[in-house]
Amino acid sequence: MPEPRRPWALRTAFALVRVASLVVPRHRREGFREEWTTELVCAWEIQTRRGKPSTGRLVSHAMGSVRDAIWLARNEWSWDMLSQDVRYALRSLAKQPGFVLSAVATLALAIGSTTAIFSVVDRVLLQPLPYQEPSQLVMLWETFPERDRFRNVVSPANFLAWRENTTRFEDIAAISTSPVNLTGLDEPMEVSAFRVSPSFFKLLRVAPFMGRVFSDDEEAPDRSKVVLLSYGFWRGTLGGDPGTLGQTLSLGGVLHEIVGVLPERFDASSFSSMQLGGEPQLFLPQAFPPEAREHSGRYLSVLGRMSRGSGLDTAAEEMDRISGRLETDFPERNLGWGSNVVPLHEQQVGDVRVALLVLFAAVSLVLLIACVNIANLSLARAIHRRREVAIRTSLGAAGSRIVRQLLTESTLISVVGGTLGIGLAAVATPALVSALPDSVALPRRGEISMDGLALAFGLALSFGCGIVFGVLPAMTAASTDLNDSLRDGAGRGTVGSSRKFRALVIAQTALALVLLTGAGLLMRSFFLVNQVDPGLRGQGVLTARLILPRTRYGSATARTRFYDDLIEALNESPGVSRAGAIQWLPMSGLRSATSFYRADQPEPAPDEKPVTDVRIVSSSYFRTMGIPLLSGRDFDARDRTDTPRVLLVNKALAQQFFPDESPIGKPLSVSWDDDDPTEIIGIVGDVRHSGLEDEPRPAVYFAYPQMDQGFMHVVLHTDGDPEAMVTPLKQAVGRLDAEQPLASIRSFSDVTSASVATRRFQVIVISVFAGAAMLLAGLGIYSVMAYSVGQRRQEMGLRMALGARAADVRRLIVYQALGLSLTGSLVGLAMSFALSRWLESLLFEVGPTDPLTLGSVSLVLLAVAALGSYWPAQRATRVDPLETLRSE
Amino acid sequence: MRKNGFQWTSATAAVLLAIGAGHRYGFDVMEATGLPSGTVYPALRRLGKKRLLRSDWEADEVAKDAGRPRRKYYLLTESGLEALEEASKRFPMFAAALARPVSD
């Protein structure tokens, strides 16, 4: 019996079932369709047999398939079904282990590094500080806008006045750094310490690990002989002795009672602007004697907690009002001075924000380039698989199904790579951070680890990358024209696909150029910084810090005698060619400054006085450090405690304030110990005291016998290895005073090198990323050209049959690669122009559009393109013309 | 009524009882129970997922000879038989109505 043409009622019902089947999981789909087809045929037959076939009834019957399909979709769309997709993908990937391995490895590295940098950005910039209600915590600074000073340390007098007058703050606390000498243990040592107002711990809501924090009355000088230990100091130096509370420590020769130990995670190192000795190991009460109200010297950092309901605006407004009143009431020390309220988070991480974001952008670019690279490779695979896809499509597979299958493959690669990368990042990030030298500026480094957000970020990246590099190839494969592909030989590319290839190569080159430009600019800055003449010769110089405690060196005479004896002893030590001393060591980032004026001219108003650095040195300092004496005389034996005070100025001060005359013999009034007119006896060369990147500032030098000082840095020059002088130095100090410790013993080269450590670190990291980008771009060009040569074998064969020489064919391929690379470079240059202003604050004496840098990175990329296309070009010349012609 | 975490509904019970009475494929079950396809099929799926039913496709030759597409037959499993007993007790009226000899 010939099968009758099915009535349209049935066809409508079938169509409904087909549509419904789209939501049915694949492994149930075929059965679903077949069962419902039977179902509908059966229903129609019975209706017909009963003589009343109704389209409406049949269609309503078919509607049941929709409910069935939804039920199946809800209940059977399971891991089974995903695993089926995945199994299929695995089978397909197993056929190309080379591709899979390289893609997984590339992604593991790229996603791993991106996740690692993100976890740093996350912990440092995004996560709130580890204190309760951290957004209420602020730092308070004095400002002197005229001198571009917006975060100046605060004078005790102003701190006390602020504290008494604010209503917007729960409380404010003063902090100052003061290393102290610890004696009475095995050997004397210098320990870094913070002096803090008792309210400091209450503001931060820090509970002690043991014992108690300071009570308010311990701010009184006679009650302040108590000390809190950091957890590290308690464990390390005191061996974690549980009976430590109530014992005493001899600090600077004075006994202090241990009242508490702070918790392990409490890190206060970023609180002070003057970090002498790094992370504080001890905390002492910041006591203010009654005369502190008169002191105009500024040395305090001030932490505040805004009261609930007060915001930054209201707090700043009130502070402005208070400092305005202080300026009016005490013009002699406050004229021109104001106040500034800075959120604590901004204070702690503001300096590294740009650098971290630049690193994050760099690593993201590498990841993007890696995705483009894999997209390239998958596109080639997709084109190879066109026939397979065409056959499956002609057999009824939906385009969306094929897209999904290819995306499953790319996501699988990416998730495997990503998981490896995240694992790598989780292990490597904390290890790398802890291996970073202290001199690299990275706040909150103790907090850095991979948290949930970073993990989620890494996972999202993994899936995202799979889609990013999978979508183009998948669309290409699915949009294949059936007839074309079936007619064509296997895996023949089309014009459209080669256009996609070219676009990918151009994109990759452009991104690589952006990254290389950034790296190039930073590298050039680093080079230029290192070219800067610091104004002194630090080779062969060993330095160390000495703090003479007031308890044993109570008078200026005693201190002077100690320094005199030490320098004399060192000068006589074998191996030492010269020895001297200075208060704040150059290149260590610390300095002191004050206002001054020419005493032979009328005194300017307080807010119009210029500022000079103040450096206190020994007479032998300039010779030891190789700083030239330009005119006049150096300090010498005449400049004693009991002779009239004299000073030396640097070239910058001489040129700026004595432009047309010799300053020698002229008086300066420097507001330091007092502001009596002091005679200038000589001019010395400029030194980049604050670091290689800072212009020399005006500076005056006093001789230590004539200007009292609690601490000095010893500098000694040797013709040999400075490290070899450590023992002789320690012995020389020990012979003078067995209880006197030395701290911060290091060669001056190390000091200089530490001053550029952050920059060096940035350059290394970004260069690694740029190198990776370059490598990936080169591989991209290689794979595209290799593919293109494979596609054009016949063309090459034909060309050679018609008389083209190998060199012509080679040139053809290489030129094509160069063309792509050049286009990519132009796009990249445009992007660099747009983006590089973000980099500007990190550059030194080089503009963000430095032609030399831009030109050389473009050349490098062209060279990479030439190199990447050379082997494919070479292969093209080995095409046998006869063979390729025969194969068609 | 719950057993083995299975939530009985009257429709599921009716479908199970119909299969127990020898109605073996979707349309047959619908005819026997008078339930619409959108109720019967999910019930069949639920019973299948609970392994109270298993299903077999009819042999190709049989379908060809009959001049129709293959049918999918549903059969009770061991635990299906136990469940059938329980359903008969819970829904005696259904059981009585469905327990008729099968005509195919």
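**View 1. Surroundings of Ile369(A).** Once its neighbours within four places in sequence are set aside, Ile369(A) is in contact with Gln508(A), Leu511(A), Ala512(A), Ala773(A), Leu776(A) and Ala777(A), two residues being in contact if their C-beta atoms, placed from the backbone, lie within 7 Å. The model is predicted, so that local features need pLDDT of at least 70 and side-chain atom pairs count only at pLDDT 80 or more, whereas totals for chains, interfaces and linings use all residues. Residues are numbered from 1 along each chain as its sequence is written, and chains are lettered from A in the order in which they are written.

**View 2. The largest nonpolar core.** Among its 96 residues, Val366(A), Ile369(A), Leu515(A) and Ala773(A) touch the most other members; such a core is a set of buried Ala, Val, Leu, Ile, Met, Phe, Trp, Tyr and Cys residues joined through C-beta atoms within 7 Å, and buried residues have 20 or more other C-beta atoms within 10 Å of their own, with C-beta atoms placed from the backbone. Helix H11 (residues 344–384) of chain A supplies the largest share of this core, 21 residues, helices being DSSP runs of H or I with at least four residues and strands runs of E with at least two, numbered from the N terminus.

**View 3. Chain B.** The secondary structure of chain B comprises six helices and four strands, which follow one another from the N terminus as β-β-α-α-α-β-α-β-α-α. Of the 104 residues in chain B, 37% are buried.

Terms used:
Buried ≥ 20, exposed ≤ 12 C-beta atoms within 10 Å, placed from the backbone.
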